[in-house]
Each structure stands twice: as C-alpha cells, then as structure tokens.
Amino acid sequence: MCGMLSVIFVILIFGFLFVESFTFLKNFGIFRFITGKHWFPASNPPSFGILPLIIGSILITFGACIIAIPISIMSALFISEIAPENLRDFLKFLIELMAAIPSVIIGFIGMIILVPFIKKTFNLSTGLTAFSGSIVLAFMSMPTMISISEDAIHSVPWKYKEGAIALGATKWQTIRKVVLKAAMPGIIAAIMLGIGRIIGETMAVMMVTGNASNIPKTIFVPVRTMTATIAAEMGETVRGSMHYRSLFAIGLILFLITFIINLIADLFLRKIRR
Amino acid sequence: MFNLIIKNFSLYYYNFCALKNINLKIKEKNITAMIGPSGCGKSTLLRSINRINDTIKGVFTKGNINVLGKNIYNTKIDVEALRRNVGMVFQRPNPFPLSIYENISFGLNINNKNSINIKMAVKESLKDVLLWDDVKNKLNRNALNLTLEQQQRLCIARAIIMKPNIILFDEPCSSLDPIATQRIEELILTLKKEYTVIIVTHNMQQAARISCDTAFMLQGKLIEFNKTEKIFTNPMEKETENYITGRFG
Ligand SMILES: Nc1ncnc2c1ncn2[C@@H]1O[C@H](COP(=O)(O)OP(=O)(O)OP(=O)(O)O)[C@@H](O)[C@H]1O
Ligand SMILES: [Mg+2]
C-alpha cells in the first residue's frame, strides 16, 4: 500500500517535470542542453548548457564522498568497537545532535569560518570554492553515514567475533577481516543514503561555492551545482518562459540521476545480501 | 604425557565464583569429556583453556593452567599464539559470512609464518572433516548456505588447519539432529589420533561413546575425574552416581 503510493508519487513527479520541460527540450535540443558548456539563460540569445552545472555537482559530490566515507567508517568503528561505554553513548548523542542541525546553519558556519580559512590556507583569491562545498557537504552527510554504519557494525553477531578470536585473530584483525565484511551491506546502504543527502542538498552549497557556472578545472575554484541553479533562479524567471522551463529540465535530469543512483545502490545491496 | 594441567584454578564473574579450585591433568591424544548439570561451569572451564573468557567483562581468575608446560595465565604469554595452539568449536556452528574458502583459510591468512601452501592446506583439512567432496566445486560460495552439519564440519576444519595441539568442543552437537550428531561424533573420534580433544557435553551417552576420560562437575567444583568406563559403571562419589543415574540434572 505504502509502496504503491510512493510509486505513484514518483511517477507523478516525473510526469510533472516531463510535461513542464518537454517544450524546452524539444526546442533547444536535449543533447545541446546536456553538453553545452555555457549557462547564460538571460543573455541574448540565451545559452542553456548545463555541463558546467553537472560537472560542478559531480565534483562537489565526489569530493564530499572522499572526505566523508573514510571518516564515517572509522568513526563508526571507533564508536561501536573501541570506545568505552560512556564515551560511546556521548558520541552517539553528539552525532544525533549533528544530524539535527539544519543545512542552512551548516552552510552559514561554513561561510563565516570555513570560507575565509580556505582562502587563507591555500592562498586563493576567494574561499568560495568547490572544495569548501565538498567539506560542508561531507559534514552534512557524516551523521547519517556514521549512525547507520554504526548500527550495521554493532549488529554483527558476537559469535563471528568470538570465532575469529578463537582462531588467534587480534582485535584489529577481527575488525578488519570479519566485522567490516559482515557489516558491509549496511555500510554501503549508509554511504548511499549519505550520498543521497549530498546530491539533494542546495542551501549550504549555494552559500559556500561561489555560484560561478564555469566548468571547473580544479577543486579550488568557484562552481555551481544543479540544485543551486534551480533554487537561485526560479524566483527570477517568468512563468512559462524558456528559462523557467529550462530549470524544470534541470530538475528532470537531477531526478533521473538520483533515480539511477538509487537503482544501482539497490541492485548492489541485493547482490551483497545474497 | 599430560599436555594440559589445571592447577588450583578458580574463576569469578565479578564476585560470583563459577569455578572453585579446579585441579585436572589431561592426557595428550585422548578424548576427555566434561559432564555435569546446566550451569555447573563446564563451558567456563573450557573457555579458560584458550583464554577466550578474557573477552568477557568482569572475569577474574586465580591459579594456573599449563599448556605444554607454560602457564597461560602468565601475563607475558602471547594469547594469540595460545589460541592458534588451542582450537575451539562452539555450540552453534559459527562460520563467518564469507566464502567456504575464506572461512577455512582464515587462521592461516592472518598468521602465515611458515608460508604454508594455503590452497593445499584448505583441501587437506576439508578432506579430514569429510567435507571436501561436498564442497570442492563451490569453495567460493558463502559458507552460510551449508547445512548445519556441514557448517559444524567447516568450523572443525577451520580449527584443524591451524594444526593445534588441543581442540576444545563446547557441546558441538547440541544444535544437530541425531544422525548428524552421530556422524560428527565419528569425526571427533578420528581426531584423537592427532589432537588432544576436550569435549563438553550434556549428553551422557555421547560422553560414554567417545571419551576415554570423563570429568564430572557440579556447582563450579570438579567432583570426580576418572576413566569414562569407571565413571559410568562404578563412580567413587555419591553425587556422580546420582547424576549419571538421572536423579538430578
Ligand atoms: N558472562 C557471565 N557473567 C556472569 N555469570 C556467568 C557468565 N557466564 C556464565 N555465568 C555463570 O557461571 C556459571 C557457569 O556457567 P557455564 O556457562 O560455564 O555453565 P555450563 O556448565 O556450561 O552450563 P550449560 O550446560 O547450560 O552450558 C552459571 O551459573 C552461569 O550463570
Ligand atoms: Mg555451556
């Protein structure tokens, strides 16, 4: 019942996005839209190339994953396998607290602390960079990744660990060779959910990445993401205009990307469970 | 001749005394059974021999246990090396959620000092537990797909690939059906040629069938230790007699 309902919603959303963006995609050309290198929706003639936005999103997402995934797995291991009991409770509480911070606040903190810090440390002309975005997003995704991985690690049955210890494994060998492997499906699910949060995030990214729709050559330049573009420009467009519809087309692309990622994650999880 | 000597050994869970001054000498290449009613401390004693009790909170011991002449409760002992030398098979089969091959090779992989050919060793030990023919074509399959009996055989193979001196069995058949039980018993009997076997069991017939010596425990104390035959036909202690004739436990 609930499953049916969510399928219907997904189809409805897809249909809505498709209808709103159909005329635009037909007139401008879907290939030109995706591979175009310039996003100048207000110039004359306008140019609706979202390649810079796609690359910006991918770059930031990728950077955030590289930061968040190892830290999250290590933290989850520390919390469930190493930390003494009272420290564990405290850390779990702290992580729940972190998860509850609204993204605008994290973005704001990133803007006033992280951005100047990045500018100074790397000696850049601006601290509003893809790298800042990655760090901020890593922070936002870590509570989800940590707490779900921690659950997965914590629920590895004691008998597996006991078996490894009885074969002469040290604590670290037991963790690496048995606990991590047994918990892997759960850890992957945690990572996927974290990535989901990273991709969908808008506000924090807008505040720290500089919003320049150029194709970035390094991670230390301003970028703009797809979500940020929609959020920033939706208010200024004329309803029904080409620009307005192009934003829906971005939404459609974003929808397809997240859909595919979820699909892959799901297939992967199923394969591992078997 | 004795490769396991337990001397004045006591164990506490916090302030509960679970083992009271145990003295026991166990012969090598022999099967020794430990029997006694539930909660008398059989598992606790068995788990003291490879120091896996160390993983349990609140455990505190007195006295010593000598394995091959070394006191394993000496603080300087290498516990991992001890556990490689004293294998253990648990009550419920506990293969890792990994492939059959990874399960068997686990012990060698984490400590392959003599650079043994692992593939050969895996094959050997699977043959020793009579599992090779069943699994030789699916070594990469997840071990959890095996039947319970096969899983228990796998756990035995996983222990013997380490070529330990002593193998500890904690009620290895209690989750198996009677036919599987009989076959695992036969397997344990063959292990006596090479290993010192200590088996905890609830099942007195099992103890009578496979062991040479039997220790009877009650409320944390070792009541009687003797030839199995003697224990079951002509016990010295009143409590042993009561137990084996089924008057309690
Ligand atoms: N982790 C523990 N903490 C506290 N007490 C324990 C713990 N493990 C066992 N005990 C107690 O120690 C005593 C001996 O337990 P043990 O498991 O060794 O008995 P057993 O003879 O193996 O029993 P069974 O036949 O039911 O397996 C029992 O009274 C039990 O309640
Ligand atoms: Mg027991």
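How many salt bridges does the rule find across the interface of chain B and chain A? The model is a predicted one, and in it the count across this interface is three. One of these joins B:Arg47 to A:Glu162, with 2.7 Å between the closest N and O atoms. Residue pairs in polar contact between chain B and chain A, both at pLDDT 80 or more, also number three.

On the side of chain B that touches chain A, at least two residues each come from helix 2 (79-85), strand 6 (86-89), helix 3 (100-110) and helix 6 (148-160) of chain B. By residue class, this side of chain B comprises 14 nonpolar, seven charged and three polar residues. In total, chain B contributes 24 residues to the contact and chain A contributes 18.

The size of an interface is often expressed as the accessible area lost when the parts come together. For chain B and chain A, the buried area is about 1,800 Å², of which 66% lies on carbon and sulfur atoms.

The backbone also deserves attention. Most residues other than glycine have a negative phi, and most peptide bonds are trans. In chain A, the peptide bond from A:Asn44 to A:Pro45 is cis, with omega near 0°; A:Pro45 is placed in the loop between strand 1 (39-40) and strand 2 (47-48) of chain A.

In chain B, B:Asn21 has a positive phi, near 45°, and belongs to strand 2 (residues 16-27). Its relative accessibility is 46%, so B:Asn21 counts as partly exposed. B:Arg51 likewise has a positive phi, near 55°, and is found in the loop between helix 1 (42-49) and strand 4 (59-67) of chain B. B:Arg51 is buried, because its relative accessible area is 13%, under the 20% cut-off.

Technical notes
Residues are numbered from 1 along each chain as its sequence is written. Chains are lettered from A and ligands numbered from 1 in the order in which they are written. This is a predicted model: local features need pLDDT of at least 70, side-chain atom pairs count only at pLDDT 80 or more; totals for chains, interfaces and linings use all residues. Side-chain values use heavy atoms; hydrogens and water are left out. Contact means heavy atoms within 4.5 Å. Buried area is the accessible area (1.4 Å probe) that two parts lose on being put together, summed over both. A salt bridge is a side-chain nitrogen of Lys or Arg within 4 Å of a carboxyl oxygen of Asp or Glu. A polar contact is a pair of N or O atoms within 3.5 Å; within protein, one must be able to donate a hydrogen and the other to accept it, and residues adjacent in sequence count only if both atoms are side-chain atoms. Helices (H or I, at least four residues) and strands (E, at least two) are DSSP runs, numbered from the N terminus. Ala, Val, Leu, Ile, Met, Phe, Trp, Tyr, Cys and Pro count as nonpolar, Asp, Glu, Lys and Arg as charged, and the others, Gly among them, as polar. Buried means under 20% relative accessible area, exposed over 50%, partly exposed in between (1.4 Å probe, protein chains only).
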